[in-house]
Amino acid sequence: MKRRLIWIFIIFVLAPFLLEGTAFAAALDEMWTPEVPEQLAEPFNIDAGSYILMEMETERILAGRDIHERRAMASTTKIMTALLTLEQPDLDTYFTVDSKAILVEGSSMGLLPGDQVTLRGLATGMLLHSGNDSAGAAAVKIGGTTEAFVEMMNERAAEMGLADTHFATPSGLDADDHFSSAYDMAILAKNALENEDFFQICSTFKTQISFGNPPYDRWLKNHNRLLDEYDGCIGVKTGFTKKAGRCLVSAAQREGITLICVTLSAADDWNVHKKLFDYGFSSVQQIDLATCLPEISLPVISGVADSVPAQIYGDTVLAVLQGEERQITAKIYTEPFYYAPLLKEQKAGEVEFYLGEQKLGCWDLYPQQTVEARVIEKKGFWDRVKGWFGG
């Protein structure tokens, strides 16, 4: 079974393979926890307070600067607020908004006291119109109070490992103890995009939702220009305050590769994101590790066949930088032999891939097919006598 590759699915030299009979040590289950390099690639001059370009599947950092610097992040905050909202039950059940919760300055989806709306509608208002009113209404509905909901936001941030993030508001309005980093916002976006409802809403350029007293249909248009201007863009969230400057968290997909880009305090964020995506997609490719392995044969004793080919179990498609596929090493662990019957669903070994001495990941090996035990016919005394005399 494939295990998550943390960070760099970077470099793969399918060179010296080791076929070893061994008992599997506990060390095989230990995954590499990489350190973020001090110096990151900067493909061109980028005018931003801080920024990051990350491959989503493995969290590989392709470019960045000051990625852990704590900065105000404005309405990109609503990525967390919308995610928590969409994780609630009864997303499509109407309720009346709290009249005080919607009295928030700044951008709005247009809620009025007495309006009825759904949690899905509020999430849509946050992600498309960046509604501070929708964030406030969702916070009180879910947490009971804004303060209780903010505690939920910070608890979830801790669960995600966002060490440089602290929330003070559900909307992203400026506050002294409201901050995040480019790296943390990229990890938050990754987690949010794994939620199907979040993915669908943030990637929508224009949609119709119903709210009001009584509810009626309204059209909302996404503030994210990249959905219309960049091929493959799938969101995620815009933001702006005087303190934070222009903030943008975006993601784009091409040929199975998803990149996440974050800029905090960048005046020309739209063009910066386009250029960073172009750089990322020109630098990354997909490979299938299963096609790179040599044929692995499992010896079988007392079977209808003397051996059986092995195969890797799980998804072995990874994104790597151009040319890095030549730098992977792999170790193959199998037993010296196996007694029949050897079942197709019976784990028979493991394959580890390495970057130098660093373990990137581990996949299980299974027989391609079941090898049944060979049936040996027992002969009686007279059958053996006939055999002795050639009859």
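Q: What counts as a helix or a strand here?
A: Both are DSSP runs numbered from the N terminus: a helix is H or I over at least four residues, and a strand is E over at least two. The model is a predicted one, in which local features need pLDDT of at least 70 and side-chain atom pairs count only at pLDDT 80 or more, while totals for chains, interfaces and linings use all residues. Residues are numbered from 1 along each chain as its sequence is written, and side-chain values use heavy atoms, leaving out hydrogens and water.

Q: How many helices and strands does the protein have?
A: The protein has nine helices and 18 strands.

Q: And what share of the residues is buried?
A: Of its 391 residues, 51% count as buried. Buried means under 20% relative accessible area, exposed means over 50%, and partly exposed lies in between, with a 1.4 Å probe and protein chains only.

Q: Where are the cis peptide bonds at Pro 214 and Pro 341?
A: One runs from Asn 213 to Pro 214, with omega near 0 degrees; Pro 214 is in the loop between β6 (206–212) and β7 (215–221). Another joins Ala 340 and Pro 341, with omega about 0 degrees, and Pro 341 belongs to the loop between β16 (338–339) and β17 (349–355).

Q: Is Ala 74 buried or exposed?
A: Ala 74 is buried, at a relative accessible area of 1%.

Q: What about Glu 255, also not a glycine?
A: Glu 255 has a positive phi of about 50 degrees and sits in the loop between β9 (245–254) and β10 (257–264). With 76% relative accessibility, Glu 255 counts as exposed.

Q: Now the helices: how do the axes of α3 and α4 cross?
A: The axes of α3 (residues 132–143) and α4 (residues 146–159) come within 8 Å and cross at roughly 90 degrees. Axes are lines fitted to C-alpha atoms, for helices over the stretch in contact, with angles from 0 to 180 degrees between N-to-C directions. The two helices are therefore roughly perpendicular, a term for angles of 65 to 115 degrees.

Q: Which residues meet there?
A: Ala 139, Val 140, Ile 142 and Gly 143 of α3 meet Thr 146, Ala 148, Phe 149 and Met 152 of α4, where contact means heavy atoms within 4.5 Å.

Methods: Parallel < 35°, antiparallel > 145°, perpendicular 65-115°, else oblique.
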